[in-house]
Amino acid sequence: IKDHERELSGLGTHLVEAIQAHSVSRPTTSTLKPSEARTKLRELEQDCHAALGEDPARLFSKRKLSQQWAAELEGAGTATVDSLRAVFDRMVNVVGATCTRTGNKSFIDRYGEFDLVIVDEVSKATPTELLIPCLLGRRVVLVGDHKQLGPTIMLDRRSRSEGTFEDALQEVRGGERSTINFDRLESNIRRNLFKELFELYEVAEPNRCTTLCLQYRMQSQIMAVVNSVYGNKLSLGHGSLQDELCAHSVTNVSWIRPDRAIYWIDTRGGDIECREEQLTRGKHNLGEAQVISERILPALLENSDEEIGVISFYRAQVQEIQSRIAQEDRLQNRIDVRSVDNFQGSERNTVVLSMVATRRPTEWLRTIERINVAISRAQRLLIVVGNPEVFMTIDDPEANQLYRTLYNNAVHVHYQELR
């Protein structure tokens with residue numbers, strides 16, 4: 001109604017302009033002949049119709065109706081609002097909701113069954129979460145990427161912080177519920193129903209599944225690394241124009257070149273000790289956090305207008321970087337600091353990835369889905385900060401190859417060169 005009121009608010013101006021265009025140059029005491037008056041009125045009506053884009057009488061009726069509605073709604077009781085909502089629900093044809101919300105009785109009573117259910121980011125849904133909306137649709141379309149991370153578990157409802165199943169498992173094992181069959185629980189949580197369905201239909205009924213291989217958001221050098229996860233099936237949506245459209249805007253930084261999109265900042269040696277430290281929960285690397293907050297971020301902020309994301313495989317490292325940024329007013333704008341797991345589904349023009357590890361990487365850093373998410377968040381510029389030797393010697397063949405591809409496609413810079 002408010003939008004309609006704004007639409008009608010310009011009526012007066014249009015009418016005045018139309019009337020002025022047909023004003024008669026006569027003394028104020030003179031009168032028009034009846035035939036002249038009818039002609040002038042018809043011309044005025046036609047010009048008003050043209051100026052307003054609709055019949056004036058119809059527009060005034062709309063205005064009167066909208067005013068009546070506004071007056072009734074201002075004093076409406078609960079019953080009136082509920083009845084209007086019921087009318088609205090019958091007319092709406094697109095409804096958005098989370099998977100679990102669709103299982104709520106009030107949601108089912110309100111909307112009932114759908115002709116089509118589309119589940120987005122489906123790889124993040126557990127099997128039970130996925131089944132809830134699917135039961136409400138005559139047809140179902142699942143959209144997602146099973147080569148990225150699976151479900152996340154909410155650890156602390158008060159802080160709304162997200163973590164992984166391992167984090168939740170570690171908490172529960174120390175509590176009263178230690179008799180739970182964790183192996184079975186973990187198997188159920190980790191089950192990727194979307195992957196199972198996709199791989200089944202890909203062989204049995206290939207016409208029921210498809211892969212979207214054109215990507216429009218990332219620079220070709222970044223795509224070349226990510227492509228190794230997808231069997232080199234990805235291609236540039238904008239073709240030869242892609243790199244021009246996805247070029248970073250960083251200038252006047254000696255170690256960043258306009259024609260290169262990936263950089264690996266080597267943290268071995270030098271005057272800052274970059275060493276992995278194990279905490280009660282998670283790991284951090286104070287040296288890496290210092291290099292990022294004191295040398296990389298200031299240079300990026302002062303010499304570009306890029307949106308910047310800072311991500312790490314460990315939440316303890318995220319918290320360390322956040323605390324350092326909070327101490328510097330100049331670093332607080334345009335920077336989003338989160339864990340890799342929590343950054344899935346997001347993207348930034350520039351992404352700084354803190355690797356943390358300086359010892360033999362655990363399974364956490366060998367998970368292809370997690371590595372894929374980490375390196376595919378950047379659209380224009382990816383800056384990896386860490387000890388490359390650790391990741392070049394990793395004993396998992398697939399992870400080793402992906403890290404090597406990343407390193408080989410990057411410009412290598414030692415952190416002492418970041419002046």
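A: Happy to. In the largest nonpolar core, which has 42 residues, Phe313, Leu382, Phe391 and Tyr403 touch the most other members. A nonpolar core here is a set of buried Ala, Val, Leu, Ile, Met, Phe, Trp, Tyr and Cys residues joined through side-chain atoms within 4.5 Å. Buried means under 20% relative accessible area, exposed means over 50%, and partly exposed is in between, with a 1.4 Å probe and protein chains only.

The names are DSSP runs numbered from the N terminus, with helices (H or I) of at least four residues and strands (E) of at least two.

A word on the model: it is predicted, so local features need pLDDT of at least 70 and side-chain atom pairs count only at pLDDT 80 or more, while totals for chains, interfaces and linings use all residues. Residues are numbered from 1 along each chain as its sequence is written, and side-chain values use heavy atoms, with hydrogens and water left out.

Now zoom in on Phe313. Not counting residues up to four places away in sequence, Phe313 touches Val340, Leu353, Ser354, Met355, Trp364, Leu365, Arg370, Ala374 and Tyr403; contact means heavy atoms within 4.5 Å. Apart from this core lies another, of 31 residues, which includes Val250, Trp255, Ile292 and Leu297.

Next, look at strand S7. S7 runs parallel to S13, with 5 bridges between them; two strands pair if DSSP finds at least two bridges between them. Ile262 has Leu382 as its bridge partner in S13, and Leu382 is among the core residues that touch the most other members. S7 also pairs in the parallel sense with S14 (residues 411-414), over 4 bridges, where Asp266 is partnered with His414.

S10 (residues 308-312) runs parallel to S11, joined by 5 bridges, and Ile308 stands opposite Ile335.

One more spot is worth a visit, in the loop between H11 and strand S6 (235-236), where Asn232 sits. Its phi is near 60 degrees, a positive value in a residue other than glycine. Asn232 counts as exposed because its relative accessibility is 58%.

Finally, step back to the whole protein chain. It has 18 helices and 14 strands, and buried residues make up 41% of its 419 residues. Among contacts between residues at least 6 apart in sequence, 71% join residues at least 24 apart.
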